[in-house]
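Dear colleague,

Please find below the structure I am handing over to you. A summary of the findings follows it.

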Amino acid sequence: MTATSEPDDSFHVFDTTLRDGAQREGINLTVADKLAIARHLDEFGVGFIEGGWPGANPRDTEFFARAREEIAFEHAQLVAFGSTRRAGTTADKDPQVRALLESGAPVITLVAKSHDRHVELALRTTLDENVEMIRDTVAHLTSEGRRVFVDCEHFFDGYRANPEYAKAVVRAASEAGADVVVLCDTNGGMLPAQIQAVVATVLADTGARLGIHAQDDTGCAVANTLAAVDAGATHVQCTANGYGERVGNANLFPVVAALELKYGKKVLPEGRLREMTRISHAIAEVVNLTPSTHQPYVGVSAFAHKAGLHASAIKVDPDLYQHIDPEQVGNTMRMLVSDMAGRASIELKGKELGIDLGDDRELVARVVERVKERELKGYTYEAADASFELLLRAEAEGRPVKYFAVESWRAIAEDRPDGSHANEATVKLWAKSERIVATAEGNGPVNALDRALRVALEKIYPQLAKLELVDYKVRILEGKHGTQSTTRVLISTSDGAGEWATVGVADNVIAASWQALEDAYAYGLLRAGVEPVA
């Protein structure tokens, strides 16, 4: 279903990465980080960005002050988060409520207790006083010109224990002027059918505008969010990449993609859905977490195909094994080459790499057999596209992609009596009819080999100065036993504009590393437009 209208206030996408998402273990956001993420989220086009709890900690207070001065929000409204007033006072006298107003945020989300046991045990007040705290705080904030949303914490557990009281809290918030009352699955224990039934009942019994906030403890946060929408919720709270406490929150990106592409709702400005993959990865970089490769829609494996049967079908029509066109969310289809590859996989991979294999069935068959033969020895090409492209070009052109010929190499690791270590490597090679011998030291034998190879070649190929080894992985494969096992090395290299992976396999880690280094340098020169030597 294709949506045509621009988003409006009838449906809210509300992001809480800066507050709830920041509670994930391993995430510690600076104010600069929060400002950067807020800019990304606004660029994506969410309607509301919850910035944190002003007054509760200096960092969040500073964020709101700086956001007012430094960010000109194009799409989003900034939201301050806080609690209802304390028992035994009034909202206009509560310093925490005052801090919410002083944040300058045009929208305020209040967290309110909706589970009777939490009211009595955590707030240590009466059920009636809790309802009055909600009414008073909402009314005070709206009288000050703020738009108010109310998060009913532990709503679904509270509804199960005392449905009438849970609904009374919803009515109190709505009648006092809250625009949206958000039903929160705070413990994340609900399932989609349960969510849908409760939301539908509460909507019918209270008439309030409802939202949903789902945690992912059962792995159902996205499904629970969509089930709430099916039941009539018009406000969804999510976090980028599903970041959040414990196992996380409803993931913003699959929720938005489902709403736009499956439900036909216009929840983002025109064209912003195509930015989704980029925004997801950019936010992952800010929080310093590796993007999940298997995340729906935006993961690098979301549209990656490995089986030969799939490739054959995709060659006829990509829609046969893809639920959407990956370009709709800014992603791309990838073909993985492995020992499961068939002719179609190789042909599609060649096309992806810009290598036209034409109708040369013999060439394709030869590449298929070469891949299967090498993967049997331990090579893996689904994780080393650069090595596969070198192999494919060698078969297509009838000669290897070579820029130098190695005469010999050696690496020495030395332990000294004082406990220090030294690593030295020497390479002897020919490049452009010149014999070169180069020696270098490194912080390990592989690093020493990398440096020696660079010393040997940079004068002839200055393009190599841009290359940087950015990742190095070693895996011991099945073999005889222990140190006699086969070793596979994967190396990731960058030239500042892109990154590629190469593979080497040998009976020792240094030899496997050398193979991967050779491929990495050859591919880097190929990317730079340098012609291979004959």
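Strands β2 and β3 (residues 77-83) run parallel and are joined by four bridges; strands count as paired if DSSP finds at least two bridges between them. Helices (H or I, at least four residues) and strands (E, at least two) are DSSP runs, numbered from the N terminus.

This is a predicted model, in which local features need pLDDT of at least 70 and side-chain atom pairs count only at pLDDT 80 or more, while totals for chains, interfaces and linings use all residues. Residues are numbered from 1 along each chain as its sequence is written, and side-chain values use heavy atoms, with hydrogens and water left out.

Together with helix α2 (residues 58-70), β2 and β3 form a right-handed β-α-β unit; right-handed means that, with the strands pointing away from the viewer, the path from the first strand over the helix to the second runs clockwise. Strand β2 (residues 48-52) is mostly covered, with five of its five residues buried, that is, under 20% relative accessible area with a 1.4 Å probe, protein chains only.

On the side of β1 (residues 12-15), two bridges join that strand to β2, again in parallel. F14 has F48 in β2 as its bridge partner. The chain passes from β1 through helix α1 (residues 31-44) to β2 in a right-handed β-α-β crossover.

I279 lies in helix α11 (residues 276-287) and is buried, with a relative accessible area of 0%. Leaving aside residues up to four places away in sequence, I279 touches H40, E43, F44 and F253, contact meaning heavy atoms within 4.5 Å.

With kind regards

How values were computed. Buried < 20%, exposed > 50% of the residue type's maximum accessible area, 1.4 Å probe, protein only.
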